[in-house]
Amino acid sequence: MAKRGKKYAAASAKVDNLKRYELEEAVALVKEMSFAKFDESVDAAINLNVNPRHADQMVRGAVSLPHGIGKDTRVLVFAKGEKAKEAEEAGADFVGSDEIIEKINGGWTDWDVTVATPDMMGQVGRIGRVLGPRGLMPNPKAGTVTFDVAKIVKELKAGRVEFRVDKGGIIHIGVGRTSFEPQKLEENVVALLKMLASLKPASSKAPYFKSIALSSTMSPSVKLDTSFARDML
(Lines give C-alpha, C1' and ligand atoms only; values in the text may rest on other atoms or scores of the structure.)
Protein backbone atom coordinates (compact mmCIF):
# COMPACT_ATOMS: atom_id res chain seq x y z
CA MET A 1 0.00 0.00 0.00
CA ALA A 2 2.85 2.35 0.84
CA LYS A 3 4.46 1.56 -2.50
CA ARG A 4 1.32 2.50 -4.36
CA GLY A 5 1.04 5.63 -2.23
CA LYS A 6 4.50 6.77 -3.29
CA LYS A 7 3.72 6.21 -6.95
CA TYR A 8 0.45 8.09 -6.67
CA ALA A 9 2.19 10.94 -4.87
CA ALA A 10 4.85 11.07 -7.61
CA ALA A 11 2.11 11.21 -10.24
CA SER A 12 0.23 13.91 -8.33
CA ALA A 13 3.37 16.04 -8.19
CA LYS A 14 3.28 16.28 -11.98
CA VAL A 15 -0.17 17.90 -12.00
CA ASP A 16 -0.67 21.64 -11.50
CA ASN A 17 -4.10 21.75 -9.84
CA LEU A 18 -4.47 25.44 -10.63
CA LYS A 19 -3.90 24.91 -14.34
CA ARG A 20 -6.52 24.05 -16.95
CA TYR A 21 -4.73 21.95 -19.55
CA GLU A 22 -5.21 21.83 -23.29
CA LEU A 23 -6.56 18.45 -24.45
CA GLU A 24 -3.25 17.39 -26.01
CA GLU A 25 -1.35 18.27 -22.82
CA ALA A 26 -3.87 16.50 -20.59
CA VAL A 27 -3.80 13.27 -22.60
CA ALA A 28 0.01 13.24 -22.61
CA LEU A 29 0.08 13.82 -18.85
CA VAL A 30 -2.45 11.07 -18.07
CA LYS A 31 -0.41 8.61 -20.14
CA GLU A 32 2.81 9.74 -18.45
CA MET A 33 1.34 9.31 -14.95
CA SER A 34 0.05 5.75 -15.46
CA PHE A 35 2.03 3.38 -13.27
CA ALA A 36 -0.09 0.25 -12.92
CA LYS A 37 1.10 -3.07 -14.29
CA PHE A 38 -2.14 -3.43 -16.25
CA ASP A 39 -3.51 -1.38 -19.16
CA GLU A 40 -5.43 1.29 -17.27
CA SER A 41 -8.73 2.73 -18.44
CA VAL A 42 -8.74 6.42 -19.33
CA ASP A 43 -11.89 8.05 -17.99
CA ALA A 44 -13.56 11.39 -18.50
CA ALA A 45 -15.61 13.21 -15.85
CA ILE A 46 -17.70 15.96 -17.41
CA ASN A 47 -19.68 18.30 -15.18
CA LEU A 48 -22.59 19.80 -17.09
CA ASN A 49 -24.58 22.81 -15.96
CA VAL A 50 -27.86 20.90 -15.83
CA ASN A 51 -30.31 19.82 -13.15
CA PRO A 52 -31.19 16.14 -13.76
CA ARG A 53 -34.19 16.47 -11.43
CA HIS A 54 -35.88 18.31 -14.29
CA ALA A 55 -36.87 15.91 -17.07
CA ASP A 56 -35.94 18.39 -19.78
CA GLN A 57 -32.37 18.61 -18.42
CA MET A 58 -31.67 14.88 -18.19
CA VAL A 59 -28.77 14.41 -20.60
CA ARG A 60 -28.42 10.82 -21.73
CA GLY A 61 -27.59 9.01 -24.92
CA ALA A 62 -24.85 7.08 -26.63
CA VAL A 63 -21.78 7.84 -28.73
CA SER A 64 -19.73 5.72 -31.11
CA LEU A 65 -16.14 6.45 -30.15
CA PRO A 66 -13.96 6.28 -33.29
CA HIS A 67 -11.36 4.09 -31.60
CA GLY A 68 -13.52 2.19 -29.12
CA ILE A 69 -12.65 1.89 -25.44
CA GLY A 70 -10.14 -0.93 -25.67
CA LYS A 71 -12.53 -3.43 -24.16
CA ASP A 72 -14.83 -6.03 -25.67
CA THR A 73 -18.43 -5.08 -24.91
CA ARG A 74 -20.55 -8.11 -24.02
CA VAL A 75 -23.95 -7.64 -25.62
CA LEU A 76 -27.14 -9.43 -24.60
CA VAL A 77 -30.08 -9.29 -27.02
CA PHE A 78 -33.66 -10.18 -26.16
CA ALA A 79 -35.21 -11.26 -29.45
CA LYS A 80 -37.03 -14.13 -31.12
CA GLY A 81 -37.10 -15.74 -34.56
CA GLU A 82 -35.46 -13.88 -37.41
CA LYS A 83 -34.37 -10.99 -35.17
CA ALA A 84 -32.56 -13.41 -32.87
CA LYS A 85 -30.74 -14.82 -35.88
CA GLU A 86 -29.79 -11.31 -37.04
CA ALA A 87 -28.39 -10.51 -33.58
CA GLU A 88 -26.28 -13.67 -33.54
CA GLU A 89 -24.90 -12.99 -37.03
CA ALA A 90 -24.03 -9.41 -36.00
CA GLY A 91 -21.88 -10.71 -33.12
CA ALA A 92 -24.11 -10.56 -30.04
CA ASP A 93 -22.67 -12.57 -27.16
CA PHE A 94 -26.00 -13.76 -25.76
CA VAL A 95 -29.32 -14.01 -27.58
CA GLY A 96 -32.63 -15.39 -26.38
CA SER A 97 -35.87 -14.71 -24.55
CA ASP A 98 -37.58 -16.77 -21.85
CA GLU A 99 -34.56 -18.95 -21.09
CA ILE A 100 -32.32 -15.91 -20.53
CA ILE A 101 -34.92 -14.21 -18.35
CA GLU A 102 -35.02 -17.36 -16.22
CA LYS A 103 -31.22 -17.32 -16.00
CA ILE A 104 -31.23 -13.66 -14.91
CA ASN A 105 -33.85 -14.41 -12.27
CA GLY A 106 -31.36 -16.97 -10.99
CA GLY A 107 -28.75 -14.26 -10.42
CA TRP A 108 -26.83 -14.04 -13.71
CA THR A 109 -25.78 -10.53 -14.83
CA ASP A 110 -22.49 -11.19 -16.63
CA TRP A 111 -22.76 -8.83 -19.62
CA ASP A 112 -22.33 -5.12 -20.34
CA VAL A 113 -25.19 -3.83 -22.52
CA THR A 114 -28.75 -5.05 -23.10
CA VAL A 115 -30.64 -4.73 -26.37
CA ALA A 116 -34.27 -5.73 -26.89
CA THR A 117 -36.74 -5.72 -29.72
CA PRO A 118 -39.88 -3.69 -28.85
CA ASP A 119 -42.08 -6.80 -28.78
CA MET A 120 -39.88 -8.26 -26.01
CA MET A 121 -40.12 -5.27 -23.65
CA GLY A 122 -43.18 -6.60 -21.83
CA GLN A 123 -41.18 -9.64 -20.71
CA VAL A 124 -37.97 -7.67 -20.12
CA GLY A 125 -39.92 -5.23 -17.92
CA ARG A 126 -40.61 -8.04 -15.46
CA ILE A 127 -36.88 -8.22 -14.64
CA GLY A 128 -36.50 -4.44 -14.52
CA ARG A 129 -35.85 -4.65 -10.76
CA VAL A 130 -32.68 -6.61 -11.61
CA LEU A 131 -31.57 -4.72 -14.72
CA GLY A 132 -32.43 -1.16 -13.68
CA PRO A 133 -30.13 -0.75 -10.65
CA ARG A 134 -27.23 -2.22 -12.66
CA GLY A 135 -27.71 0.11 -15.61
CA LEU A 136 -28.59 -2.85 -17.84
CA MET A 137 -32.17 -1.95 -18.78
CA PRO A 138 -32.61 -1.35 -22.53
CA ASN A 139 -33.88 2.12 -23.33
CA PRO A 140 -35.38 3.61 -26.53
CA LYS A 141 -33.55 6.92 -25.98
CA ALA A 142 -30.23 5.08 -25.99
CA GLY A 143 -31.22 3.16 -29.11
CA THR A 144 -31.18 -0.19 -27.35
CA VAL A 145 -34.88 -0.90 -27.86
CA THR A 146 -35.07 -1.48 -31.62
CA PHE A 147 -35.94 -3.93 -34.35
CA ASP A 148 -32.68 -3.02 -36.08
CA VAL A 149 -30.72 -5.33 -33.81
CA ALA A 150 -27.90 -6.01 -36.28
CA LYS A 151 -27.04 -2.31 -36.55
CA ILE A 152 -27.00 -1.64 -32.81
CA VAL A 153 -25.02 -4.80 -32.01
CA LYS A 154 -22.35 -3.88 -34.56
CA GLU A 155 -22.15 -0.35 -33.16
CA LEU A 156 -21.81 -1.60 -29.60
CA LYS A 157 -19.09 -4.03 -30.61
CA ALA A 158 -17.25 -1.25 -32.45
CA GLY A 159 -17.09 1.10 -29.45
CA ARG A 160 -20.53 2.62 -28.92
CA VAL A 161 -20.99 3.55 -25.27
CA GLU A 162 -24.00 4.84 -23.35
CA PHE A 163 -23.93 7.70 -20.87
CA ARG A 164 -26.22 9.68 -18.58
CA VAL A 165 -25.70 12.43 -16.04
CA ASP A 166 -25.73 11.44 -12.40
CA LYS A 167 -27.58 13.36 -9.67
CA GLY A 168 -24.81 15.94 -9.59
CA GLY A 169 -24.95 16.61 -13.33
CA ILE A 170 -21.72 14.70 -14.00
CA ILE A 171 -21.10 12.16 -16.74
CA HIS A 172 -18.46 9.49 -16.04
CA ILE A 173 -17.37 7.55 -19.12
CA GLY A 174 -14.40 5.57 -20.36
CA VAL A 175 -12.68 7.00 -23.45
CA GLY A 176 -9.93 4.43 -24.01
CA ARG A 177 -6.84 2.89 -22.45
CA THR A 178 -3.44 4.25 -21.48
CA SER A 179 -1.94 2.05 -24.21
CA PHE A 180 -3.83 4.04 -26.87
CA GLU A 181 -1.87 6.46 -29.04
CA PRO A 182 -2.44 10.05 -27.85
CA GLN A 183 -4.25 11.03 -31.04
CA LYS A 184 -6.77 8.20 -30.62
CA LEU A 185 -7.58 9.28 -27.07
CA GLU A 186 -7.94 12.90 -28.19
CA GLU A 187 -10.28 11.94 -31.04
CA ASN A 188 -12.41 9.84 -28.69
CA VAL A 189 -12.74 12.76 -26.26
CA VAL A 190 -13.67 15.16 -29.06
CA ALA A 191 -16.31 12.74 -30.40
CA LEU A 192 -17.84 12.49 -26.91
CA LEU A 193 -17.91 16.25 -26.35
CA LYS A 194 -19.45 16.88 -29.77
CA MET A 195 -22.23 14.44 -28.90
CA LEU A 196 -22.81 16.12 -25.53
CA ALA A 197 -22.87 19.54 -27.21
CA SER A 198 -25.56 18.31 -29.60
CA LEU A 199 -27.66 17.18 -26.61
CA LYS A 200 -27.51 20.51 -24.74
CA PRO A 201 -30.97 21.15 -23.24
CA ALA A 202 -32.52 24.45 -24.30
CA SER A 203 -33.26 25.24 -20.65
CA SER A 204 -29.69 24.72 -19.38
CA LYS A 205 -27.71 27.77 -18.39
CA ALA A 206 -24.23 28.84 -19.43
CA PRO A 207 -21.61 27.59 -19.11
CA TYR A 208 -22.94 24.20 -20.27
CA PHE A 209 -19.52 22.56 -19.83
CA LYS A 210 -18.67 23.52 -16.23
CA SER A 211 -15.60 21.30 -15.98
CA ILE A 212 -13.88 18.43 -17.78
CA ALA A 213 -11.28 16.13 -16.24
CA LEU A 214 -9.33 13.12 -17.47
CA SER A 215 -7.74 10.41 -15.35
CA SER A 216 -6.58 6.84 -15.62
CA THR A 217 -7.68 4.04 -13.28
CA MET A 218 -4.87 4.70 -10.80
CA SER A 219 -3.86 8.30 -11.49
CA PRO A 220 -5.04 11.67 -10.19
CA SER A 221 -7.27 13.70 -12.50
CA VAL A 222 -6.15 16.40 -14.91
CA LYS A 223 -8.52 19.32 -15.45
CA LEU A 224 -9.01 20.65 -18.96
CA ASP A 225 -9.54 24.10 -20.35
CA THR A 226 -13.18 23.89 -21.44
CA SER A 227 -12.99 26.59 -24.12
CA PHE A 228 -12.50 24.09 -26.94
CA ALA A 229 -15.64 22.25 -25.81
CA ARG A 230 -17.67 25.46 -25.63
CA ASP A 231 -16.71 26.15 -29.23
CA MET A 232 -18.64 23.00 -30.20
CA LEU A 233 -21.94 24.44 -29.02
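What follows is a short exchange about a predicted model.

Colleague: How are residues numbered, and which pLDDT do local features need?
Modeller: Numbering starts from 1 along each chain as its sequence is written, and side-chain values use heavy atoms, with hydrogens and water left out. In this predicted model, totals for chains, interfaces and linings use all residues, side-chain atom pairs count only at pLDDT 80 or more, and local features need pLDDT of at least 70.

Colleague: How much area do domain 1 and domain 2 bury between them?
Modeller: Domain 1 covers 19-69 + 159-232 and domain 2 covers 75-158; the bounds come from an automatic or database domain assignment. Buried area is the accessible area (1.4 Å probe) that two parts lose on being put together, summed over both. Of this area, 42% is on carbon and sulfur atoms. The total is about 700 Å².

Colleague: Which residue forms a salt bridge with glutamate 155?
Modeller: A salt bridge puts a side-chain nitrogen of Lys or Arg within 4 Å of a carboxyl oxygen of Asp or Glu. Here the closest N and O atoms are 3.2 Å apart. The partner is arginine 160.

Colleague: Is serine 97 buried or exposed?
Modeller: Buried means under 20% relative accessible area, exposed over 50%, partly exposed in between (1.4 Å probe, protein chains only). Serine 97 has a relative accessible area of 10%, so the residue is buried.

Colleague: What is the relative accessible area of proline 182?
Modeller: Proline 182 touches Val27 and Lys31, not counting residues up to four places away in sequence; contact means heavy atoms within 4.5 Å. This proline is partly exposed, at 37%.
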